[in-house]
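Visitor: I'd like a close look at a single part of this protein. Could you take me through it slowly?

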Amino acid sequence: AIRSARLRGAELNLGWASVLLAVQTLWRGQPAEARELALGALPRFASDRGNAGANALAVSAAAAWQLGDFQRAHAEAEQALDVLERGPVLFQMWPSCDLVPDTLLLLWQQARERGLPSEAALKKLIQRALTQTRSLAFIAPIGKPLYLRALGVLARLEGRPARAQKDLQQA
């Protein structure tokens, strides 16, 4: 049993490390490589019944958006949110709490500009994602600027420039 637990722990650690490398790769402007790393990390979380896989899905969703695959970005962002909501939001969930709202806000902006029927559904997903990011803001210093930035972007998209400026400056 101990050996089995050690192996599961090693798999999870490898998954976490791969996700962090995928985030860095995404930040370097290499979405295809980031997506490959994130999807490669996902099986490492197969035995986890909590929300550990949400980060890999969030990176993959953000990368899909950057690659222009908006349907996949929407599906994976929603899936990441479903997984994130399974467990408590702890500090290590910051990639999900950053990338899921960001991806959904970008998709919502597109839907609004194009008059797509997905606009209302995306707005509901954004609210769910903001709830998770707000939870992170309560427990970890990294969460507050992520939450305020997402609120600021939402306010800007909703046509509330004063609120957007306030939230973004606080972020």
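Leaving aside neighbours within four places in sequence, which residues is T25 in contact with?

Guide: A word on the model comes before the contacts. This is a predicted model, in which local features need pLDDT of at least 70 and side-chain atom pairs count only at pLDDT 80 or more, while totals for chains, interfaces and linings use all residues. Residues are numbered from 1 along each chain as its sequence is written, and side-chain values use heavy atoms, with hydrogens and water left out.

Now to your residue. Beyond its neighbours within four places in sequence, T25 is in contact with Q30, E33, A34 and L37, where contact means heavy atoms within 4.5 Å. T25 belongs to helix α1, which covers residues 2-27; helices here are DSSP runs of H or I with at least four residues, numbered from the N terminus. With a relative accessibility of 2%, T25 counts as buried. That word means under 20% relative accessible area, with exposed over 50% and partly exposed in between, using a 1.4 Å probe and protein chains only.

For contrast, look along the helix at L14. L14 is also found in α1, yet its 37% relative accessibility makes it partly exposed. L14 and A32 are 18 residues apart in sequence, and their C-alpha atoms are 20 Å apart in space.

V59 and L104 touch the most other members of the largest nonpolar core, which has 49 residues. Such a core is a set of buried Ala, Val, Leu, Ile, Met, Phe, Trp, Tyr and Cys residues joined through side-chain atoms within 4.5 Å. Two or more residues each come from α1, α2 (31-41), α3 (54-66), α4 (70-84), α5, α6 and α7 (143-157). In soluble globular proteins, nonpolar side chains tend to be buried together.

Helix α5 deserves a glance as well. Its 21 residues, 94-114, reach 30 Å from first C-alpha to last, close to the 30 Å expected at 1.5 Å a residue; the expected span is 1.5 Å times one less than the number of residues. Because 15 of those 21 residues are buried, α5 is largely enclosed by the rest of the structure. Just after α5, G115 takes a positive phi of about 65°.
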